[in-house]
There are 2 protein chains.
Amino acid sequence: MARVTMADVAREAGVSAMTVSNVLNERLPVNEPTRARVMAAVAALGYEVNLTARHLRAGRTDTVAFIVPTFHDYFGEIADKIAPLIEADGRHLVLERTSASPEYEMAAVSVARLQFYDGVLLSVAGLDRDQLDRVRTPKPIVLLGERDVPDRFNHVRLANEEGARLATAHMIEHGSRRILALGCTFDTAHMMSSDRRAGWERALRDAGLDVDARHVVPVSTYTSAAGRDALLDVIASGLPFDGVFAVTDVIALGAIAALAESGLRVPVDVQLAGFDNLDMARFVPPGLTSVDANHEGVAETAVGLLRRQMAGWTGPAEHVVAPVRLVVRGSTRGGA
Amino acid sequence: MARVTMADVAREAGVSAMTVSNVLNERLPVNEPTRARVMAAVAALGYEVNLTARHLRAGRTDTVAFIVPTFHDYFGEIADKIAPLIEADGRHLVLERTSASPEYEMAAVSVARLQFYDGVLLSVAGLDRDQLDRVRTPKPIVLLGERDVPDRFNHVRLANEEGARLATAHMIEHGSRRILALGCTFDTAHMMSSDRRAGWERALRDAGLDVDARHVVPVSTYTSAAGRDALLDVIASGLPFDGVFAVTDVIALGAIAALAESGLRVPVDVQLAGFDNLDMARFVPPGLTSVDANHEGVAETAVGLLRRQMAGWTGPAEHVVAPVRLVVRGSTRGGA
DNA sequence: AAGCCGCATTTTATCGATAATATGACGGCA
DNA sequence: TGCCGTCATATTATCGATAAAATGCGGCTT
């Protein structure tokens with residue numbers, strides 16, 4: 001338990017603690033013989049720096065947090081894209097989760113927790129603009145996610161409306177006329193479910209089709225199970241449809257299950273498109289057409305903004321809308 | 001930037017810093033009027049404790065790390081099970097990843113990084129027994145994963161052989177005679193790919209079937225893409241088979257894609273079973289039969305062992321083999 | 001009335017590293 | 001020979017909280 005400290009190393013090498021620090025951090029020059037003696041002592045005692053003490057004194061942790069609603073699916077995939085970018089700067093990435101609940105999210109961005117990190121990427125799921133506005137921290141922070149955020153934060157979001165429009169228009173082009181917006185809502189605040197609904201709506205209008213409010217089908221949570229249940233309810237209700245735009249790929253997977261169970265063939269009877277282009281979308285038969293959110297591009301943009309802040313930049317915050325593109329696969333009739 | 005410190009609060013409230021600490025931590029009793037004054041000062045100044053300073057002095061972070069090879073899929077799902085258990089004790093869970101590379105994994109368990117945490121759950125993917133044996137830390141630590149580990153570590157692993165045997169026997173029972181072991185290997189060291197192969201082999205022998213080495217098909221990485229490619233190669237080679245035991249569900253998803261592309265019907269032409277019972281397995285048509293690894297049970301066991309260590313227990317380490325069961329779905333003929 | 005005790009609060013020392021500053025040895029130059 | 005500058009290394013102070021020990025005060029006992 002008795003950890004080896006810098007003072008122990010200093011004693012062993014017959015120098016002062018400061019010299020050990022200088023050797024290890026290459027801050028001030030140290031003569032070669034002294035250096036060698038220090039290194040030998042470090043090796044002999046198996047010394048490792050106490051990062052907590054360094055943090056307290058030097059004010060730096062070389063660690064960045066990515067705070068997510070949940071660890072799995074979308075966020076897990078994007079975190080794996082972010083990690084190498086952070087590591088390239090010699091920093092460490094850690095994930096924390098908020099359970100998508102506003103209280104947890106507030107707690108996660110409390111000044112206390114943020115002190116552990118040199119910078120924070122926060123995926124906003126539960127907090128609204130006003131709650132975010134109460135977050136007053138000088139920490140470099142970049143927000144990710146589809147909700148509205150205060151201007152003073154750097155923010156990266158997706159072209160939600162455009163993506164939904166692309167997917168919906170594609171299904172219309174290939175013959176669908178009654179397309180469900182599964183997991184969407186008529187909320188007025190900007191958020192994922194409403195922005196994507198707006199895109200779905202625009203595609204319909206562009207094609208001269210009616211917007212039927214019954215086609216907007218909410219889900220209880222953003223899980224495959226909820227997507228499946230919601231779609232089964234629609235099928236049971238007898239409401240006719242020949243296409244499904246699912247607000248996320250996870251929901252789309254639930255839709256695939258519901259359609260299969262109900263004997264509806266994809267894409268012959270019903271076309272289906274999702275959003276996010278998760279890895280899974282390539283492999284689930286017949287291949288899920290999906291709006292590609294360009295995880296890597298989003299990761300690079302967000303990390304770039306964060307890096308700039310950590311380097312001391314204090315210019316105005318940026319609000320980036322990441323472009324999307326449609327990846328066509330077998331679940332729509334344009335696909336293979 | 002100028003953070004509010006405990007000394008600032010003390011000055012504002014007209015007491016000493018120690019009294020502020022006592023109020024906030026409820027360590028020593030403090031008179032109500034004083035308490036109220038301190039709380040008022042805390043609120044007025046918006047004070048939040050500096051967790052780094054507390055950590056340095058008190059030696060406690062109230063944070064547990066779960067160190068995983070990658071953030072997505074299996075580990076993301078299990079992390080979401082672990083998080084609530086850690087939070088129930090008033091602690092925080094953070095994830096770190098190692099990219100499944102031994103160097104990163106060694107770095108992640110370096111004494112330096114571990115100092116940030118009160119305890120560590122380490123999912124071993126890259127390190128072998130000898131490398132792990134070099135990890136000498138007094139930190140509470142519990143290992144997860146299918147590799148052999150030194151006795152002195154607490155360890156939770158799955159009943160790999162039994163799970164693979166169950167899945168394979170189930171497919172034999174329903175008529176398969178030539179079952180591939182996709183993603184398995186003939187390695188002699190205990191690891192996921194070889195233990196599960198052993199279970200597959202045992203099921204074959206139990207049924208009086210030959211073990212054909214060509215049926216053991218390795219994959220380059222544990223990804224769906226690699227699973228798909230490997231199975232497509234087998235199909236192209238003309239080697240006949242009528243069942244696939246995939247070493248993980250992620251690999252199984254790749255197999256589903258390969259079979260679909262090749263016009264082979266599941267489960268009519270080929271039965272398929274995976275391992276892990278990821279959420280996805282319920283929803284991918286026709287439903288993926290899978291060995292359920294009981295994520296929640298594993299999470300509870302691992303956290304229980306960790307909790308005990310963090311509470312000061314120093315008895316001998318435990319090596320738990322978590323039981324598994326087969327969840328039958330449409331990808332095998334016993335399913336719906 | 002003297003002494004002691006319990007309780008609230010303060011003081012001091014400390015966790016381990018590092019920024020800022022001080023010291024001291026040596027070489028160069030007039 | 002004496003002074004100064006340079007470079008390597010040592011000292012001191014500090015980051016902010018907290019454990020442990022010290023103080024001080026009023027009440028109770030005898």
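Visitor: Which helices each supply at least two residues of the surface near DNA strand C?
Guide: They are α1 (6-13), α2 (17-25) and α4 (51-58) of chain A, together with α2 (17-25) and α4 (51-58) of chain B, where helices are DSSP runs of H or I with at least four residues, strands are E runs of at least two, and both are numbered from the N terminus. This is a predicted model, in which local features need pLDDT of at least 70 and side-chain atom pairs count only at pLDDT 80 or more, while totals for chains, interfaces and linings use all residues. Residues are numbered from 1 along each chain as its sequence is written, and chains are lettered from A and ligands numbered from 1 in the order in which they are written.

Visitor: Which one gives the most?
Guide: α4(A) does, with five residues; a residue is near the strand if its C-beta atom, placed from the backbone, lies within 6 Å of it.

Visitor: And which residues come nearest?
Guide: Of the 27 residues around DNA strand C, those are A:M6, A:N50, A:A53, B:S16 and B:M18.

Visitor: Switching topic, is A:A41 buried or exposed?
Guide: A:A41, which lies in helix α3 (residues 32-45) of chain A, is buried because 21 other C-beta atoms lie within 10 Å, and the cut-offs are 20 or more for buried, 12 or fewer for exposed, and partly exposed in between, with C-beta atoms placed from the backbone.

Visitor: What does A:A41 touch?
Guide: Leaving out residues up to four places away in sequence, A:A41 touches A:V9, A:E12 and A:A13, contact being C-beta atoms, placed from the backbone, within 7 Å. The C-alpha atoms of A:A41 and A:V9 are 5.7 Å apart, although 32 residues separate them along the chain.

How values were computed. Contact = placed C-beta atoms within 7 Å.
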